[in-house]
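Trainee: I have a model open and want to learn how to read its features. Could you take me through it?

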Amino acid sequence: MPIKVPDHLPAKEILASENIFVMDESVAYHQDIRPLRIAILNLMPTKETTETQLLRLIGNTPLQVEIVLLHPKTHTSKNTSAEHLASFYQTFDDIADQRYDGMIITGAPVEQMPFEDVNYWEELKDIMDWSARRVTSTFHICWGAQAGLYHHFGIPKVDLDNKLFGVFPHTLSKRNVPLLRGFDEMFYVPQSRHTGVNREDIAKTPELEIWSESDEAGVYIAATSDGRQIFVTGHSEYDPHTLKWEYDRDKAKGLRIDVPRNYFPSNDPTRQPLSTWRAHANLLFSNWLNYYVYQQTPYDLGAGI
Ligand SMILES: CC(=O)SCCNC(=O)CCNC(=O)[C@H](O)C(C)(C)COP(=O)(O)OP(=O)(O)OC[C@H]1O[C@@H](n2cnc3c(N)ncnc32)[C@H](O)[C@@H]1OP(=O)(O)O
Ligand SMILES: N[C@@H](CCO)C(=O)O
């Protein structure tokens with residue numbers, strides 16, 4: 001939450017230059033409070049795991065948040081039961097006439113096929129177009145970020161020579177960005193993908209800025225300068241054991257898979273991995289909810305965006 005200070009206090013300028021959020025008394029006086037409405041488009045096959053991971057991070061805020069879970073109606077889920085979807089999920093048709101304060105579009109294990117071969121691609125394009133008009137800020141994760149960069153800006157995804165798999169050091173590429181408030185100069189992020197997006201393609205797109213990247217893992221966060229569209233290539237939401245689960249799964253299937261980098265103590269897969277990214281993940285989501293959703297969204301959603 002912001003620090004509220006008298007309008008002309010000298011410290012205000014210093015704190016603002018340090019990327020600390022300071023709010024004028026006059027703004028604070030006029031700020032109304034209501035629960036935030038967040039839609040999560042869950043494209044993962046492991047839906048219940050992803051729900052838990054995202055809700056854990058979204059729940060780490062003093063703000064009240066109302067969640068609607070969405071799944072694509074043009075895809076029949078193999079790994080999630082129809083009962084679970086019927087009990088807890090809606091589809092885009094149910095909410096298309098509404099506005100939301102925030103939206104999260106998750107990753108999906110379809111990165112190695114062309115976007116157009118994904119059976120819910122047409123539906124996803126409609127949802128992404130709607131999000132640009134009707135959602136204050138949309139947070140895209142991994143394949144969701146690749147899909148958003150491709151659909152909104154024509155940026156292609158590219159195959160990597162080897163799966164990018166492990167926990168990698170990342171740095172800040174732009175200072176004074178509210179999403180990165182409180183971040184360390186270097187922080188860790190799990191990455192688990194066979195594809196990526198070329199830095200040059202993002203850098204030459206006038207609407208986009210690069211906010212964080214990694215020597216080994218490439219661009220981590222790109223966004224429109226107003227933060228209404230945020231694209232995050234890694235999986236900060238992953239639990240401590242998620243990469244181990246993916247590694248064991250692929251080993252059991254006889255697939256060629258390297259030990260995830262910088263993950264197991266001494267790179268020994270028989271040892272228990274430790275989370276080194278949880279603090280940054282919590283900060284990333286609480287900054288997004290606060291600065292790009294709560295502080296930006298109109299009190300009366302019907303009247304705004
Ligand atoms: C790059 C990123 O975004 S990383 C995020 C993705 N990561 C993950 O999904 C990790 C967890 N997933 C997994 O471990 C595996 O997908 C498993 C174990 C759940 C299932 O694997 P498999 O049995 O090999 O594949 P399966 O045939 O069930 O398809 C897996 C998923 O791919 C997706 N998929 C496959 N083909 C298509 C297609 N043509 N169109 C759309 N989705 C497709 C679906 O989401 C499907 O699962 P769902 O029907 O339950 O939604
Ligand atoms: N993180 C995913 C990548 C596949 O898209 C997995 O390992 O299943």
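Here is a dialogue on one helix, a ligand shell and a nonpolar core.

Mentor: This is a predicted model: local features need pLDDT of at least 70, side-chain atom pairs count only at pLDDT 80 or more, and totals for chains, interfaces and linings use all residues. Residues are numbered from 1 along each chain as its sequence is written, and chains are lettered from A and ligands numbered from 1 in the order in which they are written.

Trainee: Which residues of helix 9 are buried?

Mentor: Start with the terms. Helices (H or I, at least four residues) and strands (E, at least two) are DSSP runs, numbered from the N terminus. A residue is buried if 20 or more other C-beta atoms lie within 10 Å of its own, exposed if 12 or fewer, and partly exposed in between; C-beta atoms are placed from the backbone. Helix 9 spans residues 242-252, and its Thr242, Leu243 and Tyr247 are buried. They cover an arc of only 140° around the axis, so they sit on the same side of helix 9. That arc is taken from the directions from the helix axis to the C-beta atoms. Arg249 and Ala252, on the other side, are exposed.

Trainee: What covers the buried residues of helix 9?

Mentor: Look for contacts, meaning C-beta atoms, placed from the backbone, within 7 Å. The cover includes strand 9 (186-196). Just after the helix, Gly254 takes a positive phi of about 75°.

Trainee: Where does UniProt place the feature "binding site"?

Mentor: Treat such records with care: annotations may be inferred rather than shown by experiment. The unreviewed UniProt entry gives Lys163, Ser192 and Arg249. Ser192 lies in strand 9. Ser192 is buried because 20 other C-beta atoms lie within 10 Å. Leaving out residues up to four places away in sequence, Ser192 touches Phe165, His235, Leu243 and Glu246. Arg249 belongs to helix 9. Arg249 is exposed, with 11 other C-beta atoms within 10 Å.

Trainee: Which residues surround ligand 2?

Mentor: A residue counts as near if its C-beta atom, placed from the backbone, lies within 6 Å. The shell holds Pro109, Glu111, Ser192, Arg193 and Glu246.

Trainee: Which residues of the largest nonpolar core touch the most other members?

Mentor: Nonpolar side chains tend to be buried together in soluble globular proteins. A nonpolar core is a set of buried Ala, Val, Leu, Ile, Met, Phe, Trp, Tyr and Cys residues joined through C-beta atoms within 7 Å. Here the largest has 68 residues, and Leu41, Ile104, Ile230 and Trp288 touch the most other members. Helix 10 (residues 278-294) gives the largest share, 9 residues.

How values were computed
Contact = placed C-beta atoms within 7 Å.
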